[in-house]
Amino acid sequence: MLQASRNIRNIGISAHIDSGKTTLTERILFYTKRIHAIHDVKGKDGVGATMDSMDLEKERGITIASAATYCNWNGYNVNIIDTPGHVDFTIEVERSLRVLDGAVLVLCSVGGVQSQSITVDQQMKRYKVPCLAFINKCDRNGANPMRVISQLRTKLGHNAVAMQIPIGLENNFQGVIDLTTMEAIYFDGDNGEVLRREVISEALLALAKEKREELIDAVSLFSDDLTEAVLEGGEISEALIMEAVRKGTIARKLTPVFIGSAYKNKGVQPLLDAVTSYLPCPLEVENEAIDTVDTSRTVVLSGDPADPLVSLAFKLEDGAYGQLTYLRVYQGAIGRGDTIVNTRTGKKVKVGRLVRMHAEQMEDIDSIAAGSIGALFGIDCASGDSFVAPGVNLSMMSMFVPEPVISLALIPKDNKAQISMSKALNRFTKEDPTFRTHVDAETNETIIEGMGELHLEIYVERMRREYNADVTTGNPRVAYRETITRRAEFNYTHKKQTGGAGQFGRIAGYLEPYTEGDFLFDNKITGGAIPTNYIPACEKGFRQSLEKGPKIGFPVTGIMACINDGAFHAVDSSEIAFIAAAKGAFREAYAKAAPVIHEPIMKVVIETPTEYQGAVMGLLNQRRGIIVGAQDEGVMSVVESQVPLAEMVGFSTILRSATQGKAQFTMEFSAYRQVPVSVAEKIMEEIALRKKSAA
Amino acid sequence: MLHKEISTCYEKESFNPVGRFRRKGRVIYLSDRNIMMMKNELSKRNPLRHLGLDMEILKENAGFGAVMAPAGVGKTALLVQIALLAMMKEFSILHVSLNDPVNKVTLWYDEILQDLTQAYPMERVQDFREDILLHRFIMTFRVDDFSVPKLEERLNDLIVQNIFQPQILIIDGLHFNSQVEPFLVEMKALAEKHHFFVWFSVHIHREEEKAQSGIPLSIVGLHHYFQVILKIEEKGDYLSLQAIKGGLQSIATGSELRLDPTTMLITD
């Protein structure tokens, strides 16, 4: 059984938008005979790539939900997760990386290391995923793989080393030279499926020898045998180099770089060889689980299929046959008919149908063993839940989920649309933890929240297409926050004597800015001024007040409430009375504590042809952006800036028109920062107007 | 005295290089007062004052300054310290790097700022950092692509749109070889046109022969372009910082400043 795990590779394919991940996956599936025809992402045949199974993905040419697939290459089972390239879908990338053992970082040979590659790289570091790099699009004008390798070193800090060199470039890109075997590889046949290995031509031999020396030099650190062989000066075998590269890669101290052009069917098979040769099998990766009894303790999982089951549900999909739950098994195995326990809810469930996914098609299987990825039907759970064998007190670590930064009001056209919308929202919120929804108590509108405009736009579009929900949307709204800037005291008495049982509670203390978290409640009551059993009610009152700040109605954060005095009445005091007293005290002090509005600031990185750099900087400047710097990279420039999210609404259209569609940008949440006074006034006016019109 | 200073600052609308909203009126905000106090304290405590740089020299329009050292000895760290000191005095700095990408340059500033402000509470440092970093703009170029006309083009993008108006330029990573003189001439003209002071990092080789002044022979002919020349040398377990040119106090007293090799900060 362990041998079976050794032949498994769980890999992800991550990269910047339009680097060709989906095209590469398509070619991998073709060469491993999982599919029998190649369809391109925006191909003329109108079929679309196999991995882009949603209509919307095919139409827009971007991958939204990551689809899982598996294939077989030289006796190895390779599970591939195709991940979205857009920052708005980062949670998908993060979830994939959590369950993967290795990744292929796809880079464009013209664009090089772009902003999204940097984000993806940081995520890989967070989850300690070893990776290979594949420099794609070597057939494009301006292709320069060696420049990309040096960018991998300087921009990402990788110890990148070329495993191949190109034979020709741009229009003349013919194949690659393998520096381990010292062979020239050409890709013949209609779809590049026939590999022709030849002797390296005289013209490239010197360069190949030089690059091989560099390769050996870089990897000899990881193998004593190789170092010895180098010192002895004899012939260095292919196996010695491969062993050293594998060690370096798994230790995340080396990034072997491969080159090719997936679209032109070149370089994909050697990359598959590399995936099986250099990326780790599940047994070589240390996975940890949390002990649910003692949460400070972590347990290293064995990866042995014979041990008790530990698995993680990393993705949910609601299909025609009910909820489909994608699982990665870390230890033990899941078989049909087994009983498993959801550690979050403690519920026992019986496993029904087990399947292996291939984009939207599926294959029934009997069991999923340790190290594998599969899916099961009919299990009600949330994304990120752990499933274990009964009696096991372990849970996989929770995944990092960022807070949403933008929201949108949804208005259904009629009752039917309302029902469809509810169904859709119920499904989407289960599938994607960064997508949230609630009903605004004041305006009665349904609000959806997410990570960016595109993120929400895609869900609204899916709602319309998949659920026939006829909805209109309001303007995107930014998730502002409120906080206080100075200490303010309160001394509030809640007193009610209007027949029946009275209410009495007095609370005194102060509110203070707090920087280490969202809220801190400090009880400094001495001498029983407020009985201990009413203290939780006081905290509850403050917490309830934080949900909707008195200034503009957004959540209040960064605040400390300290109570140091109070009074109670033997008969009239109650929990409710102290909750009300705390709310009153909060209102009283908040107004005096100089409240301010905080807004989300986004890190915006724009890649633009150099001639538009000035225009792009102008656009950012108009949007209250702070430009951190501009990086000149020959024909292209990269402008890095920090811009308030409120100013970024509709920016993609504006950027397109200002640069003739030649610039692209990525945006991710950076921090919350105080809104300037003049802007705060405008925000307050807008919110007041919205409330008025809703009423 | 301090209160007076602060209220005057808010009475007039101060120069706003990056479109930041300045509060008007006589109100003194606590956070702003904290920032000003930190700026004053850090500037007064900054050991660079011993070099007599005192910013007066930086105000000298179109002047050139150089920090000379072999590789890995702390040229960038010193330039960043000079830049931070100037930023605390509300000078606008354009940092041009020919070696490192923007995020690496940012990291230099963050790390040195962190070392300089470690005695202060975190929230004050955050406000202070946001305030002074508004006075910085980073540009990076590939060294083989870098030229004065190109820099001017980029600079005009910033100045014409009123995005950023630098008063001090830092050029880190320029190769000082036999062909650099025409560049310096062009740069001088640009500096005169826009009235800014330019600091350069000058990479020298350890074994290179030096003139009596301590300047390597290969660039001794260029020294008249510079108003200030600082030199960093390795001396056992510390790095020594001397002013070779510039009429500075440390030279007058024959003393030297020391750089801590771990933090690259000047020790007092």
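Student: In strand 3 of chain B, which residue is the bridge partner of A:Ala630?
Tutor: The model is predicted: local features need pLDDT of at least 70, side-chain atom pairs count only at pLDDT 80 or more, and totals for chains, interfaces and linings use all residues. Residues are numbered from 1 along each chain as its sequence is written, while chains are lettered from A and ligands numbered from 1 in the order in which they are written. Strands (E, at least two residues) and helices (H or I, at least four) are DSSP runs, numbered from the N terminus. Across to strand 3 of chain B, A:Ala630 is bridged to B:Met139.

Student: In which sense do strand 36 of chain A and strand 3 of chain B pair?
Tutor: Two strands pair if DSSP finds at least two bridges between them. Here there are three bridges between strand 36 (residues 626-633) of chain A and strand 3 of chain B. The sense of the pairing is parallel.

Student: Which residue in strand 37 of chain A is the bridge partner of A:Ala630?
Tutor: Strand 36 of chain A is joined to strand 37 (residues 636-644) of chain A by seven bridges, and the two run antiparallel. Two residues lie between the strands of this hairpin, where A:Gly634 has a positive phi near 80°. On strand 37 of chain A, A:Ala630 is bridged to A:Val639.

Student: Why is strand 36 of chain A largely enclosed by the rest of the structure?
Tutor: A residue is buried if 20 or more other C-beta atoms lie within 10 Å of its own, exposed if 12 or fewer, and partly exposed in between, with C-beta atoms placed from the backbone. Strand 36 of chain A has eight residues, and it is largely enclosed because the number of them that are buried is seven.

Student: Which element gives the largest share of the side of chain B that touches chain A?
Tutor: Contact means C-beta atoms, placed from the backbone, within 7 Å. By that test, chain A gives 24 residues and chain B gives 25. Elements with two or more residues on the chain B side include helix 2 (30-45), helix 5 (102-116) and helix 7 (148-160) of chain B. The largest share, four residues, comes from strand 3 of chain B.

Student: How many residues does the largest nonpolar core have?
Tutor: A nonpolar core is a set of buried Ala, Val, Leu, Ile, Met, Phe, Trp, Tyr and Cys residues joined through C-beta atoms within 7 Å. Among the residues with the most contacts inside the largest one are B:Ala66, B:Leu84 and B:Val198. The count for this core is 113 residues.

Student: Which helix of chain B provides the largest share of this core?
Tutor: Eleven residues of the core come from one element, residues 75-88 of chain B. That element is helix 4.

Student: What is the order of the open sheet of four strands in chain A?
Tutor: Pairing in this sheet is mixed. Its edge strands, strand 31 (488-496) and strand 33 (519-523) of chain A, each pair on one side only. Nine bridges hold strand 31 of chain A antiparallel to strand 32 (residues 503-513) of chain A. The order is 31-32-34-33.

Student: At about what angle does helix 13 of chain A run to strand 33 of chain A?
Tutor: Axes are lines fitted to C-alpha atoms, for helices over the stretch in contact, and angles run from 0 to 180 degrees between N-to-C directions. Helix 13 (residues 535-547) of chain A lies across strand 32, strand 33 and strand 34 (559-567) of chain A. Its angle to strand 33 of chain A is about 155°.

Student: What is the average twist from one strand to the next in the open sheet of three strands in chain A?
Tutor: The strand order is 13-12-24, with antiparallel pairing. Strand 13 (298-300) and strand 24 (394-396) of chain A each have a single partner strand, so one side of each is left without a neighbour in the sheet. From one strand to the next, the twist averages 45°.

Student: What percentage of the 695 residues in chain A is buried?
Tutor: Chain A has 38 strands and 17 helices. Its buried residues make up 49%.

Terms used:
Two residues are in contact if their C-beta atoms, placed from the backbone, lie within 7 Å.
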